Structure formats: structure tokens, C-alpha cells
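Subject: Structure for your files

Hello,

Here is the structure I said I would send.

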Amino acid sequence: MSLSQLKQKFKGQISTNEALLEKYSTDASVFKIAPKVIAIPKDTKDVEELVKFVAQQKQTSPELSITVRGGGTDMTGGSINESIIVDTVNLNKVESLNQQSLTAQPGLFFRDIETKLIAQNTILPCYPSSKSWCTLGGMASNNAGGEKTLRYGQSINFVEELEVILADGNTYTIKPLTQTELTAKLAQTDFEGQLYQQVFRLVKDNYKLLQQAKPTTSKNASGYYLWDVWDGTTFDLTKLFVGSQGTLGIITKIKWRLVPLKRNRQLTVFYLETLKNLGEIVAELRKLDPESVEVFDNQTFKIALRYLPEIGLRTKQSTWSLIWKFKKEILQWLIGRLPQIILLTEFTGTTPEEVEQQAQKAQQIIKEQFNISSLLPNNTTEANRFWSIRRESYNLLRHHTARKLSAAFIEDIVVHPDQLPKFIPQIKAIIDRYPAFTYTIAGHAGDANFHIIPLVDLSNPKHRKELISLSDEVFNLVKKYQGSMTAEHNDGLVRGPFLEQMFGSQVLSLFKQVKTIFDPQNIFNPHKKSDASIEYYRDHVRSH
């Protein structure tokens with residue numbers, strides 16, 4: 001690869017610095033892959049030039065590829081690659097913001113726009129728990145969800161329009177098309193027209209198969225959303241790009257739909273001594289229409305209590321203030337009486353009285369039916385002490401588990417809420433057959449979406465192999481319950497090899513065709529999603 005040739009047209013930074021390459025060789029996943037080049041484009045024109053350069057060099061340098069990286073929080077290996085990593089740090093401009101929508105570049109950190117959204121009484125509710133350090137591009141690319149998905153849905157429900165750079169190095173606008181607009185696209189004879197022709201033919205010819213393959217859980221981030229591209233009236237390629245993890249092209253601008261912010265809210269904290277009745281409790285709570293039903297276990301709580309100073313730093317609260325607020329829980333921890341599960345249920349509404357009434361009703365129902373104790377925090381500050389633990393849980397695990405790595409590989413499974421009473425004991429039984437894997441549980445209980453994070457010593461070759469065998473068992477169980485192996489974290493390297501297990505060979509073949517239609521030279525983020533393999537997975541699991 002001739003970097004000098006690329007640098008002639010690239011205004012941003014091109015680096016092969018060893019320390020920088022090491023930094024970009026990992027994300028929040030179990031993988032480590034060293035790139036060859038780090039590219040930090042100054043603007044979208046730089047990205048176009050980079051794509052054109054790689055496309056021209058592919059025949060002589062077939063190993064060349066491009067992977068886009070935002071905040072580096074991807075838990076599937078989706079933001080690492082052995083060729084060129086593109087850091088979107090400079091692509092962070094807000095083009096427009098009003099009550100209805102936000103249009104911005106993909107490198108904008110969610111934290112940098114959230115305060116502006118709140119100031120105008122709006123919200124982009126599909127943010128993940130990593131909202132303090134994720135980017136908008138990552139949210140779209142992974143089809144992010146989060147604590148408010150129960151009411152509002154995932155990123156795919158909020159992306160209205162995209163600008164993307166495709167395999168020919170040019171920028172295109174992608175948005176929902178009417179039949180008349182689609183007819184015009186299909187009449188084009190250029191690269192864009194051919195792309196529309198092939199995708200339209202694929203989804204039309206396989207419509208019945210795709211509708212049968214569509215996951216029925218409330219959330220899904222697996223595969224390509226081919227089943228939602230064409231409904232007989234509207235043709236919408238944004239449904240393919242959202243959740244595609246940069247495998248079809250590079251997103252350079254996103255228009256998001258916003259919703260009004262409900263400022264009146266009341267959190268109810270339930271203390272469960274066992275997982276036994278979790279499914280029934282969630283079912284009762286859902287009848288009251290909460291905005292969020294979240295969960296974390298006592299192992300997560302213990303780690304959080306141990307590192308309160310770090311939580312305080314991240315949430316801008318003093319350590320002594322947090323210690324005082326958690327004095328009851330700290331005492332319970334010291335005497336070994338922490339509840340096994342902490343369930344957070346938040347109600348929102350038009351008045352403080354309305355939400356308080358709903359929260360008290362929830363308390364009464366759960367107390368009468370299950371004899372579960374609970375707490376109603378008095379104010380937002382009081383509530384945020386629990387939210388900070390839920391949102392920071394995985395980050396704390398990543399940085400404070402000694403020799404064991406918080407291994408994200410079965411961490412995003414989702415089933416139907418009414419299946420929880422049967423599903424939870426079976427999933428625990430499978431993981432318990434792997435005694436080397438201790439684990440924590442957090443997640444979105446209202447959606448039956450659980451982030452089960454095993455803590456694994458990856459310096460042990462036996463344990464590295466067991467990642468795959470445990471995944472196979474867990475995903476088979478999820479398939480049995482007609483769930484999804486990933487609700488919001490996506491496929492990447494870690495679940496891509498199991499797409500056939502989830503969707504079958506025919507649908508996997510359609511996914512592969514989509515990848516080929518958009519990216520015939522395999523320029524964009526190889527080895528992810530439908531391009532993933534067990535061999536590549538096994539060869540790139542980090543050993544420490």
C-alpha cells in the first residue's frame with residue numbers, strides 16, 4: 001500500500017505509530033486485532049478519497065479494507081480490523097437541531113448533544129448504557145437500544161435519513177422512497193441504480209421467506225433487516241444500513257427523529273432475594289406501562305460499591321456523598337445480606353402526582369403478590385445513584401476484574417418476557433456447567449434482554465475454546481425460545497459465525513448477497529456479520 005499516494009489527497013492524519021496501532025487493536029470485545037494504519041479524516045471528502053484509494057488498490061493489495069470506529073465501545077469486535085481504522089473524531093458536526101429532528105455527523109458523542117436535547121425538552125431515547133462515551137454513528141451502526149427501548153424502540157425506529165459513502169467512493173442519500181421515487185431509482189443505469197435494482201429484486205423475490213425469518217422479540221440487532229426494506233408501498237434502505245456495522249458502506253450523516261422529554265419521573269427500586277419470580281414480577285410491572293424496567297445482580301452491585309469513587313468521578317458526585325447515600329447497601333454487603341437482584345422500574349408522565357401514584361401502585365402489587373421489599377427514591381439525585389450503577393456496570397467490570405476479562409460473547413440475548421420463568425433457570429443451568437466462568441447479570445428485564453457477562457481468564461487456552469462451545473449451547477437455547485442472540489449489541493465477529501444457526505442457510509445466503517451487492521470487493525469491515533467465521537473468531541480472541 002502506497003501511503004504517500006493516499007496522503008496527497010488526504011487532508012487529515014495518517015499514522016502508523018506503534019503506540020497508536022496498539023490503542024486501536026482492541027475495543028470492548030474479547031478480540032485483539034492489530035491494524036496497519038490509523039486514518040483520522042478531516043472531513044467527509046477525506047473519507048471519499050480513502051474509499052476510492054482502497055477500491056483502486058484492491059486488486060494488487062486484496063488485504064486492504066476499512067473499518068470505522070467511534071467511541072471504541074463495540075462489544076462484538078465490530079470496530080477493530082487488521083487493515084485501516086478510520087477514527088471519526090473530527091466528523092462531529094451538528095447540521096440542524098429542532099423539536100422534531102437532529103441531523104449530525106457520526107463522530108458526535110451522545111454526551112455532547114444530550115444536554116442540548118434536554119434543554120429543548122426533547123430526547124433521542126435509543127441511547128445505550130454507554131451513553132457517556134458512545135457516538136451517534138455507533139448507535140446507528142449497531143441498532144442500539146437501551147433502558148428506554150421498552151417504550152420507544154431501537155435506533156432503527158428513529159433514523160429517518162442517511163448520507164453514506166458506498167463502494168464507488170461517492171456519497172448518496174438514503175431515505176424512505178415512495179413507489180414513484182423507487183421507479184425512478186430502478187430506471188437509473190449507474191452504480192446506484194444497479195444497487196437498487198438488485199436489492200429490490202432480492203427482497204421482492206424472497207418476501208415470504210424474509211417475513212418468516214423476521215425475529216418476533218421486541219428487540220433484535222442480528223442479521224440485515226431485509227424484512228423491513230419493502231412493504232409494498234415504501235422502499236427504505238435505511239433499514240439495511242442501521243445495524244449493518246459499517247459492512248455495507250460508511251455513514252457520514254444521520255437524521256434522527258426526536259420525541260418530547262417527559263420530565264416527571266419516579267423510580268421504584270425492588271430488592272429480590274432470588275431470580276425465581278423475576279418473570280412474573282416483570283409481567284405485573286409491564287401492565288402498569290413503565291418507561292423502563294432494568295436489572296442488575298448483587299455481583300455487579302458489589303463491584304460498584306467497591307469502586308464508588310470512580311462512579312462519583314464519572315457522575316460528578318463526591319465519594320463521601322455516594323458512601324452516605326449507599327450506607328444501607330454497604331452495611332448489607334459487609335454482613336453478607338445484599339439482595340441477589342436489584343430491579344429498577346421507572347414511570348414517567350405529565351404530572352408528579354401521576355408518576356408517584358403509578359410507582360406506589362407498583363410497590364403495593366409486588367409487595368402483596370411476591371412479598372418483595374422496595375424503595376422510592378425521593379428525588380432525581382437519589383434515583384441517579386442506582387442508575388449510575390446500572391449504566392456503569394459493564395465499564396466497571398472491564399476495568400476491575402483482575403486477571404479475568406469481562407467477556408462479551410453471550411451478553412445480549414433476548415427472548416419473550418412471558419418465557420422468563422422457564423428460560424432463566426435453563427440459561428443459568430447451561431452457564432453453571434462451565435465452572436471457570438463466573439458471571440454477572442444486568443440488562444433490560446422489561447424486554448427480557450439480559451446482559452450476562454462471564455468473567456473469564458483468557459490466558460487459559462481451554463477457557464478461550466469454551467467461549468465458542470458455551471455460545472453454541474446458549475444460542476441453541478435462545479433459538480428454541482424463538483429469541484435473538486443479540487438484542488442491541490449486534491453480530492460482529494462474535495455472533496456472525498452463528499447467523500446460520502439462528503436464521504438458517506437460505507436467509508444467511510440472502511445476507512451474503514446483500515453484502516456482495518453493496519460491497520463487491522469487500523472493502524468495508526470484513527469478517528463481521530455474514531462475513532464472519534468460527535476460524536477467524538478462534539484465531540483472534542485475545543489471550544490476556
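In helix α16, the residues Val355, Ala359, Ala362, Ile365, Ile366 and Phe370 are buried (under 20% relative accessible area, with exposed being over 50% and partly exposed in between; 1.4 Å probe, protein chains only). They lie on the same side of α16, because they cover an arc of only 125 degrees around the axis, taken from the directions from the helix axis to the C-beta atoms. An α-helix has 3.6 residues a turn, so residues three or four places apart point the same way. Glu353, Gln357 and Glu368, on the other side of α16, are exposed.

This is a predicted model, in which local features need pLDDT of at least 70, side-chain atom pairs count only at pLDDT 80 or more, and totals for chains, interfaces and linings use all residues. Residues are numbered from 1 along each chain as its sequence is written, and side-chain values use heavy atoms, leaving out hydrogens and water. Helices (H or I, at least four residues) and strands (E, at least two) are DSSP runs, numbered from the N terminus.

The buried residues of α16 pack against β12 (264–272), α11 (278–286) and β14 (341–349); contact means heavy atoms within 4.5 Å. After α16 comes Asn371, with a positive phi near 55 degrees.

Thr345 sits in strand β14 and counts as buried because its relative accessibility is 0%. Leaving aside residues up to four places away in sequence, Thr345 touches Gln266, Leu267, Thr268, Phe270, Leu285, Pro290, Ser292 and Val293.

Regards
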